[in-house]
Amino acid sequence: MGSLHNDSIESNSEKQIVLDPRERARILRKIDWYLLPFVTVFYLLSFLDRSNVGNAKVAGMATDLNLTGFRYNIAAAVFFIPYSFAEVPSNIALKLFRPSRWIPSIMVAWGIVMTLMCLVKSYQSLIVARVFLGLTEAGLFPGVNYYICLWYPRSERSKRIAIFFSAASISGAFGGLLAYGIERMEGVGGLHGWQWIFCLEGIATVLVAIFSFFHMHDYPETAKFLTEPERLCIINIIKQDSNHLSPRFDTQFIWQAIKDYKTYVQIIIYLGLLVPGYAIALFSPTIINELGYSAANAQLLSVPPFAAGAIATVIVGIYSDKHNLRGPYIIGGALVSLVGYILLYCSVRTGPSYVGACLAALGVFPTVAIALAWSGSNAGGDLKRGVVLAMVIGLGNLGGICSSFIYIDPPRFHIGHGTIMGFLSLSIVTSLFAMWDYNRLNKKKEAQCLAENITDDRGYEFQDMGDASPLYR
């Protein structure tokens, strides 16, 4: 065994390479520069395009389209039905096709839908547009999570997922600023300001998608930006991290994901975090508007909560990887968000209520990235991991339907805030169970390896077992 330093490699017959830690970090940083800017911009545009309906509502869409009663809530909710059920097929397709072709293709599709939303003239046409937007956007988020798993070992994923997921918070802040500026285009080209929000943001998505067709990288094995020694090293790192599990496409791995109870535990955790996340994205401008601020000021005041959430997401992701912990960070973030919603629920004054809105975003946004890293890390095998992530994200996103219908009692929104406190509590309790259960399973596997003298040399015997392999921790 030797170390890789200054492009020197020594390996045994199995090509197991021992890396100098600084060299390993350098290679991973190099990958970061080529991958993370792409996926971060992708998700920023994705979240911007799905949640800008909240900015458009405050900018006059509700009046122009006569969105009375539950009409806005329904328009927000219908997005999540096709979005949730198309995610598993999309991740299976990503396994069969190249990421650099599949991901940009779905971006072009939803970018066109988003652009054409500027032409909606009625409540009914808005519903149709939102359904197609959900269908075309479905593959991006689970696809990017799966894509990251193809490039990084488990111990390095949380901060990378956190960096790209921080785009959700950035899009909330950026969306508020954009909406504030774009709605000043009222009347230009015969369109309302809220229609220009849809049009310009959709065009931006299409342009980025076309660029990514030519510059996005597929796999470490085919990455042209890596030297041959670097390529061998990252392939070896990923192989060792997989505990010799099979990377091939086989339907048995799809069924492993569907039948595993741990998949549904992670879905519950994610659901408990996503209902608050989407409520913040869809209703922050409305909540702030109801605190007594004008529509324009509500757009601007929605920026700080999202900005705080973006910063917290990256910081918490880094420390989660550093300490190799997921559950405690999810519980801690959920508790912070819970405090924020208690303030929103109880306070009658504007100042404390606004602080509550900031705490709600600051706490919940980091937990979503950590929960996805936790789900992916505990699903063994490439295909099973892809399906588990798609199931967690897909079924968890059904929570967006709930988020769309709970803010119905202005100005205090007690029903909405109270419901979200319940979901956060559910996520905390389920996270505690998951931590106990994973610890129990790991101790059981360690005892089995000791009793049966199972070592890494026998990894090939368990390659089709997924995370049930005694070698997988």
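Me: What should helix H10 span, and how far apart are its end C-alpha atoms?
Reply: Helix H10 covers residues 228-241, which is 14 residues, and at 1.5 Å a residue it should span 20 Å. The expected span is 1.5 Å times one less than the number of residues. Its end C-alpha atoms are 20 Å apart, so the two agree. Helices here are DSSP runs (H or I, at least four residues), and strands are E runs of at least two, numbered from the N terminus.

Me: Where do these numbers come from?
Reply: This is a predicted model, where local features need pLDDT of at least 70 and side-chain atom pairs count only at pLDDT 80 or more, while totals for chains, interfaces and linings use all residues. Residues are numbered from 1 along each chain as its sequence is written, and side-chain values use heavy atoms, leaving out hydrogens and water.

Me: Which residues of H10 are buried?
Reply: Pro229, Glu230, Arg231, Cys233, Ile234, Asn236, Ile237, Ile238 and Asp241. Buried means under 20% relative accessible area, exposed over 50%, and partly exposed in between (1.4 Å probe, protein chains only).

Me: What does tryptophan 151 touch?
Reply: Its contacts include Ile234 and Ile238, which are also among the buried residues of H10. Others include Ile31, Leu35 and Tyr219; residues up to four places away in sequence are not counted. Contact means heavy atoms within 4.5 Å.

Me: Which residues touch the most other members of the largest nonpolar core?
Reply: Met61 and Trp151, out of 128 residues in that core. Its largest share, 17 residues, comes from helix H1 (residues 21-64). A nonpolar core is a set of buried Ala, Val, Leu, Ile, Met, Phe, Trp, Tyr and Cys residues joined through side-chain atoms within 4.5 Å.

Me: New topic. Is serine 212 buried or exposed?
Reply: Buried, because its relative accessible area is 0%. Serine 212 sits in helix H9 (residues 193-215). It touches Phe38, Phe42, Ser100 and Pro104, leaving aside residues up to four places away in sequence.

Me: How many residues separate serine 212 and phenylalanine 42 along the chain?
Reply: They are 170 residues apart, yet their C-alpha atoms are separated by 9.5 Å.

Me: And serine 158, where is it?
Reply: In helix H8 (residues 157-182). Serine 158 counts as buried because its relative accessibility is 0%. Its contacts include Gly317, Asp321 and Arg326.

Me: Zooming out, how many helices and strands are there?
Reply: The protein has 19 helices and two strands. Of its 473 residues, 58% count as buried.
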